[in-house]
Amino acid sequence: MNQNTDFIPFARPSLGVEEEEAVIRIMRSGWLTTGAETLAFEREFADYVAAPRALAVNSATSGLHLALEALGIRQGDTVITSPYTFTSSAAVARHLGAELRFCDTARGSYNLDPEQLEKTLAATKNCRAIIVVHIGGLPCDMGAILPLARRYGCAVIEDAAHAFPSKLPSGYAGCLGDIGVYSFYATKTITTGEGGMVVCANEKLAARMALMRMHGIDREVWDRYTSKKASWAYKVAEAGYKYNMPDILSAIGRVQLRRAAGFLEQRRVIAERYDQAFAGLPGVELPPRSEGHAWHLYALRVREEKSGMGRDALIEALSEQGVGASVHFIPLHIMPYYAERYKLQPESFPNALAMYERSLSLPIWQGMHEAQVEAVCGAVTRLLKPR
Ligand SMILES: Cc1ncc(COP(=O)(O)O)c(C=O)c1O
């Protein structure tokens, strides 16, 4: 760990007095786990993204698992996703005994390629669902993906872990497919430390996810403990999971939600400043962009042939200059578990591989001071200046 106190971390949550007060309020209320605060968070989140129903969960991973389970995905089914993602997007299919089929990203993009998706769909038996991932907060081409999925009878789950609040003319990313899942993990655009939110317009699917989120019990926990009526009885209708979000975390989430638009504006300003600073550097390519970008990540691509410095060396050198950077993502098809199970080679998905080998994510978080943004610009520019 870099001990320098001036070190600019790759990510840092923005939590203030309001979040502290919200947590204290819940601590003093006598009700810590899922209750009225979580209900309020769900309603406010649903209103924000204009979804009919939102379900708070303890992580996006849990939410993705619930989504596939509600769709009835099981052994014998196949789920398509991109290799360019975090393991959660794929592992949840394996939790249910289903198999995975990866589909490459578009050339020069971090997101699933609709053209290759069509070929993959045509070549895949028993495909029941597609998990699209809006990497870094940049929405996938849902206008092309959704009709393809419909044509092949597949459900679409949006892994919107990075994509709150990515807004398109057709709605918020996460609300365009059948089920959308957001993450509130510590590095995300809004955070509850750990947590997530599932949105779904289909009442039956939402009811199944609500049931399975809470042990498969047919009655919510706060109702069991706070009801004035005889309240000890409940039925276990299914062998469910324990995926609920506690009120302490929902209290933080409600404050973060109110601050989300301001956070996005701050990340946009940082992204613009980076664009301006790096546009003239032949050694790097700027991140792909489109309307509605949430700027969860700002990923530069290194052109080693022009910069004389590879991605790994640049991350090392930036760290020495007090700038934290990260890589999103090491693609799943080169991870031992997926590579071995599906007999994949690094070249199996050349576009995802090429993006991975050259990408690094720079610090972009609300609360970054101008001087810190300038320090990042300065460090990258110094290191990659043509010599
Ligand atoms: C693309 C993507 N999907 C899903 C997840 C899982 O999120 P969580 O940590 O909330 O389970 C992550 C986590 O970083 C992610 O990056």
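**Exercise 1. Work out the order and pairing of the open sheet of three strands.**

Step 1: Going across the sheet, you meet S10-S11-S12, and the pairing is antiparallel. Helices (H or I, at least four residues) and strands (E, at least two) are DSSP runs, numbered from the N terminus. Two strands pair if DSSP finds at least two bridges between them.

Before going on, note that this is a predicted model, where local features need pLDDT of at least 70 and side-chain atom pairs count only at pLDDT 80 or more, while totals for chains, interfaces and linings use all residues. Residues are numbered from 1 along each chain as its sequence is written.

Step 2: Zoom in on one pair. S10 and strand S11 (residues 298–302) run antiparallel and are joined by two bridges. Here Val284 sits opposite Val302 in S11.

Step 3: H11 (residues 311–320) lies across S11 and S12 and runs at about 25° to S12. That angle is taken between N-to-C directions, from 0 to 180 degrees, with axes as lines fitted to C-alpha atoms, for helices over the stretch in contact. Contact means that C-beta atoms, placed from the backbone, lie within 7 Å.

**Exercise 2. Now do the open sheet of seven strands.**

Step 1: Its order is S1-S9-S8-S5-S4-S2-S3, and the pairing is mixed.

Step 2: At the edges you find strand S1 (54–57) and strand S3 (99–102), each with a single partner strand, so one side of each is left without a neighbour in the sheet. From one strand to the next, the twist averages 20°.

Step 3: Pick out a parallel pair. Strand S4 (residues 127–133) and strand S5 (residues 155–159) share five bridges in the parallel sense, and Ala129 stands opposite Ala155 in S5.

**Exercise 3. Follow helix H9 and find where it bends.**

Step 1: H9 (residues 247–278) has 32 residues and spans 43 Å from first C-alpha to last, close to the 46 Å expected. The expected span is 1.5 Å times one less than the number of residues.

Step 2: The bend is at Ala260, by about 50°. It's the angle between axes fitted to the seven residues ending there and the seven starting there.

**Exercise 4. Describe the shell around the ligand.**

Step 1: There are 14 residues around the ligand, and Ser59, Ala60, Thr61, Ala161 and Ser183 come nearest. A residue is near if its C-beta atom, placed from the backbone, lies within 6 Å.

Step 2: Helix H3 (60–70) and helix H4 (88–95) are the elements giving two or more residues to this shell.

Step 3: Sort by type: five nonpolar, eight polar and one charged. Ala, Val, Leu, Ile, Met, Phe, Trp, Tyr, Cys and Pro count as nonpolar, Asp, Glu, Lys and Arg as charged, and the others, Gly among them, as polar.

Technical notes: Contact = placed C-beta atoms within 7 Å.
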